[in-house]
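Subject: Structure handover

Hello,

Here is the structure we talked about. Please look it over first; my notes follow below.

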Amino acid sequence: MLRLEDVSVRFGGLIALSGISFSIQKGEILGLVGPNGAGKTTLFNCISGLVRARGRISFEEREITALPLHKRARAGIGRTFQIPQPMHHLTVRENLTVAQVFGAGRSDPARIAEILDVMELSGKADADAASALALQELKRLEIAKALATEPKLLLLDEVLAGLESQAKRAFMLKLRELHKLFGLTIVIVEHDIETISNLCSRAVVLNFGQLIADGTPEAVFRDPQVMKSYTGAADA
Amino acid sequence: MSAPSASSSPLRTLGLIAGLVVLGLVPLFMGAGNYFLGLLISALILSGLALSWALLGNLGGMVSFGHAAFFGVGSYASALFAAKLGVPVLAAIPLAGLIAAASALAMLPALRLSGPYFALAILAYSQIFRILATEATWLTGGAAGLQRYPGLPNVFGLNLADRAGAYGLVLLVVALVAVVYVLIRRSHVGTALRAIAESEDATRVVGVNSFVLKTWMLLLSAFIAGVFGALNAHIIGFLEPDYAFSGIWSVMPIIAAVFGGYRTVLGPVFGAIVIYLFDQLVAKSLIPVGHQILLGILLAAMVLVAPNGMSELVGRLFRRSGGRHAAA
């Protein structure tokens, strides 16, 4: 579904990503892991079009390397931000409607109602501006907004960060439900090894902008090089 | 393509606009004197310009310091169409709006900028047009200006050239612009534009082509400013670059829109009327030279009392009196 070939990004003298190549198959839930500053969010920015990359990015057999951000969203790439970025002064429903009309190219209130229901935001749909939501609700809105664009590939940037363990488990179940319900392919940036092991069928590890491991979570987290970069200790 | 809104109903908005029209017609029936009617015409011209500024500022988040350029281009284009090409004045006015919109195409690279950078770029742009109008003497008459061009015509026995006729025409155009503004704001495009004003990346990532939407808003805003420039030109009957492209046409709509409440439709309209009448009837008599300083003080006071302008203040007063009635 998504293919990255020799993708590199440089910010001035800083090499943020260097020669990243891997593919994502339709229906996969892939975990993108690595320490802070490894290049995970930059990679999301490249795929979604916020950052121009060198190399080649293809989505559903079509090269999208030079495609602008809004066209990638319309092609079926949805994403969330690590710090939720709702359209603050709009209501939850307006947020989703804008996403659906411009991202999916149609207006379907029934589908919006379904997304609100699944993301447990129905009660907040028309109440206040999105800026009045609590953090957990903002995270759900972030995903709901992406779902409203009817994505085929969903990029989730640390959506579980800041949640306590019970909320995290509930959110994981929700992600599985979304994966099944909407037939999504998901790439999730997450630090927690247990979460990646439980949720993902595959993990890709970045460190200092380079891909250092790609495989099942079990295999990846047994790799001493990964554990050294990830936890700072070879035998962790 | 209408977007649902939690904050306002279309009936209320249309009711308010109908109220604006009725209120606006009152001076005609009350037999307001020529001088006061003249002031109201100028205030309404400013209302239209303030609406065009607020359209860009509220829907798209672009703060313009250069609306004088569109106003001036519209003024000259309409006068020249009518004087040199013999185009009927009522056709020349919308054509002038189109020329003003076309002139805004040169500003498209500035849409890549945001905040103060956009504001400064558009300010510089407006100066270029003033210089062009001064130097192109073969077309514009240069610094000497233009004087011999047709005024507003007679239409079906109604003389638009007299003050009452001109007042009615300008009021009608202001009401039309207000309706267009409401329709855009209530559409999905309007909702997306409001979102762009807050967080452009958040909207682009869900498929909104922010550059295209902002471009349409800039062109529409320039068109409206050009139309009011044209109306003004045919009402006053003379043009010179320092007047048509004066910075006052950039600054006054900002003061009026912010004073009235630029996030509402009626805020800029009533803000312009209050500000203009205050300036002409009060400030000028208190300080004949440099009277605009009082406008600054008035605006600062309003922002301190009600950051969202007169519309917020009026809303607060209504709520308070409503609460008092309920308590009684």
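In chain B, where is confidence lowest, and where is it highest? The lowest is in helix H1 (residues 10–29) of chain B, at a mean of 65. The highest is in helix H4 (residues 89–104) of chain B, at 97. Confidence here is pLDDT, the predictor's own score for each residue, from 0 to 100. Helices (H or I, at least four residues) and strands (E, at least two) are DSSP runs, numbered from the N terminus.

This is a predicted model: local features need pLDDT of at least 70, side-chain atom pairs count only at pLDDT 80 or more, and totals for chains, interfaces and linings use all residues. Residues are numbered from 1 along each chain as its sequence is written, while chains are lettered from A and ligands numbered from 1 in the order in which they are written.

The model scores ipTM 0.84 and pTM 0.85. Chain B has a mean pLDDT of 87, with 88% of its residues at 70 or more.

Now the sheet in chain A. Four strands form an open, antiparallel sheet, in the order E2-E1-E4-E5. Strands pair if DSSP finds at least two bridges between them. The edges are E2 (14–24) and E5 (62–63) of chain A. Two bridges join E4 (residues 54–59) of chain A to E5(A). A:Phe59 has A:Arg62 in E5(A) as its bridge partner.

Last, the interface. 19 residues of chain B contact 25 of chain A (C-beta atoms, placed from the backbone, within 7 Å). H8(B) gives the most to chain B's side, with six residues.

Best wishes

Conventions: Contact = placed C-beta atoms within 7 Å.
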